Amino acid sequence: MAGLIRREDVDQVRERARIDEIVSAHVTLKPAGVGALVGLCPFHDERSPSFNVRPSVGRYHCFGCGEGGDVIEFVMKMDGLSFTEAIEYLAGKTGVQLRYEEGGTARPREEPGRRQRLLDAHRVAAEFYAEQLMGPDASAARTFLAERSFDRSDAERFGVGFAPKGWDALQRHLQGRGFTQAELVASGLMSQGQRGIYDRFRGRVMWPIRDVTGAVIGFGARRLFEDDQGPKYLNTPETSLYKKSHVLYGIDLAKREIAKGKRVVVVEGYTDVMAAHLSGVTTAVATCGTAFGADHAKVVRRLLGDTTAGGGMQLASGGTVGGEIIFTFDGDAAGQKAAERAYGEDQRFFAQTYVAVADDGMDPCDLRMARGPEAVRALVDGRKPLFAFVIQAKIKQFDLNTVEGRVSAVRAAAPEIVGIRDRSQRDGYMRQVAGWIGTEIDEVRREVARAASTPSQRRPSPSDGARPASGATPVADGGRPGSGGAPGAAQRLPTPDPRDPVARDERLALVAVLQYPQHVPASFDELGEDAFAVPAWRAVHGAIRAAGGAAAGRELSAAQWVAAVLEQSSESVAIVVTQLSVASLPEDREAAVAAFVEGVVRRVVDLGLKRRVDDARSRLQRLDPADAETYNSAFAELLAIESERRALRESA
């Protein structure tokens, strides 16, 4: 486990990172009342804006889909980052120097500013390569792209460039911009030779590889000239920025559509990603010089948000609960092996996995050239379950015209059937496999039962505990447990009836207390634990009381006050607190907000006192006047409450 970030540093990042600036990079925000902004939600499709942001409290909430949180949670969900990665990303943007707790295996750290220097070097290099593509020496690169139906605007969209054939063109350019030789070697842009450093990439078409935040962290390069003795494709080596097992080309372009549509299409190369996006398949990504593995699965899982226990279940509409992962492979033997490797990662998802292979084996780039963009879209839409693809590939290895071949095929298929996550579908798959092999269903059932009782032959399923954790945030990292989970992960409180005037007034009072504690009258903090009639609002009021009441809120910034209330909230209550902390008040005149807040809070205090009066009168009526001591005590209590209510109204 990586060393934990100190809590005070996490708090500093949260305070410095302006949520409106971070969100505005993804959402167009417009003013919506005093201190509120609104826009179209980036997490689901909508026509009317319901995504609310309140910069003063540093939180957002969508009243359409229920997503909500602070700036850290927004970056986590938007960019598919873990909690620690989100903190490090925001720290880089806000200039916070992070410190890590002792204990555990701390991740290797760069000296202050070193990571940003390496990112800057990659950004400058990407600009340099893109400029070279239009130069006189890059005709071979332009021909390469044109032969694949990519024009200049396509190259600009994906940042494609050209590395000159010389040994030090990029080196001279970067050193002229102030980068040292040590930084250039550490970046992976240069290689170290006996006579010094030299450009790693020479005479090649260049693709900048970006992380989910859009920062260039490496390059992929394709050989152009026959005198180039290097490999056909050459990537950046492992560096502190670039880990090939974690990188997906195109993730920066696809992340928003993946999160919205709950679908990711994994293709095999850079040109396939370009062809897919240009054909309308905007969720396409590709691995970079390695097979799709466990770390890639983590990146995809965070973007899909596939934490639903029922994930992977296919619906009648053709969609799936938990989303879809679609792999495209060549139809040759290498493609079959790639499919089997991908199938090995299948159980890491609560999502349905598919494969899309063209009948003639063409990849998306070839399909687009030969048959147009619609053929690429048809390839993806015609996807087949990965299970079926892999099983049929196994079955083809045996001679089904013989008894021995059919028995061997059943034995090869059985462990895969056992590993199907939705057990209710296993019987249907067994019938399907029996039909493919040409044998009796009972024979398949017997072999599946035998495989299920032999652990060494079973594929792990999520119920076996094989599914990796989906990035739960440790409290020591500064996050509240479960705060980054998908909406609905916590048991939600009953939704109050918006037509109920009491529920409406109580809600407005809580909105006011959370957003403007400085205007809340002192009488609010004197309310008891049963002052709110609506269960959801009573739970929020309990968290406010536990945080010190409005008096504590007046001593804190708006963001700190809401954070203090959230610290006292269970996960289900925290969802409601976030919602109320960004909700708009009916009063949109800034000069009148203070009076409005005081009025709405006094109204709720009055309602609470009225309930106490009613309860006291009811109790008095049930008492026997002969018991003078008890009766007089209850009568005095009634008079005290009525006096308190009268004083409240007179002060108003």
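Here are some notes on a predicted model, for someone opening it for the first time.

1. Start with confidence. The protein chain has an average pLDDT of 82, and 84% of the residues score at least 70. Two stretches deserve a flag. Over residues 306-318 the pLDDT stays under 50, and the model gives that stretch 37 contacts beyond four places in sequence. Residues 460-490 are also below 50, with 65 contacts in the model beyond near neighbours in sequence. Where pLDDT is low, the predicted coordinates should not be read in detail. I'd keep that in mind when looking at the contacts of residues 306-318 and of residues 460-490.

2. Now the salt bridges. How many does the structure hold? The count is 28. One of them pairs Arg7 with Asp11, with 3.7 Å between the closest N and O atoms. Both residues sit in helix H1, which covers residues 7-16, and because they are 4 residues apart there, about one helical turn separates them. Neither end is buried: Arg7 is partly exposed at 30% relative accessibility, and Asp11 is partly exposed too, at 28%.

3. Arg99 makes a salt bridge with Glu8, and here the closest N and O atoms are 3.6 Å apart. Glu8 belongs to helix H1, while Arg99 is in the loop between helix H4 (83-94) and helix H5 (114-132), so this bridge ties together parts that lie 91 residues apart in sequence. As for accessibility, Arg99 has a relative accessible area of 36%, which makes it partly exposed. Glu8 is partly exposed as well, at 42%.

4. Next, a helix pair. Helix H11 (residues 270-278) and helix H14 (residues 364-371) have axes that come within 7 Å of each other and cross at roughly 50°. The two helices are therefore oblique to each other. Which residues meet there? From H11 come Thr271, Asp272, Ala275 and Leu278, and from H14 come Pro364, Cys365 and Arg368. By type, the contact divides into 4 nonpolar, 1 polar and 2 charged residues.

5. Last, a residue on the inside. Ala254 is found in helix H10, which runs over residues 251-261. Its relative accessibility is 0%, so Ala254 counts as buried. What surrounds Ala254, once neighbours within four places in sequence are left aside? Ala254 is in contact with His277, Thr282, Thr283, Ala284 and Val285. Take His277 from that list: the residue is 23 residues from Ala254 along the chain, and the C-alpha atoms of the two are separated by 8.5 Å.

Note on methods:
Residues numbered from 1 in each chain as written. Predicted model: local features only at pLDDT ≥ 70, side-chain atom pairs only at ≥ 80, totals over all residues. Heavy atoms only, no water. Salt bridge = Lys/Arg side-chain N within 4 Å of Asp/Glu carboxyl O. Buried < 20%, exposed > 50% of the residue type's maximum accessible area, 1.4 Å probe, protein only. pLDDT = per-residue confidence, 0-100. Contact = heavy atoms within 4.5 Å. Axes fitted to C-alpha atoms, helices over the stretch in contact; angles between N-to-C directions. Parallel < 35°, antiparallel > 145°, perpendicular 65-115°, else oblique. Nonpolar A, V, L, I, M, F, W, Y, C, P; charged D, E, K, R; others polar.
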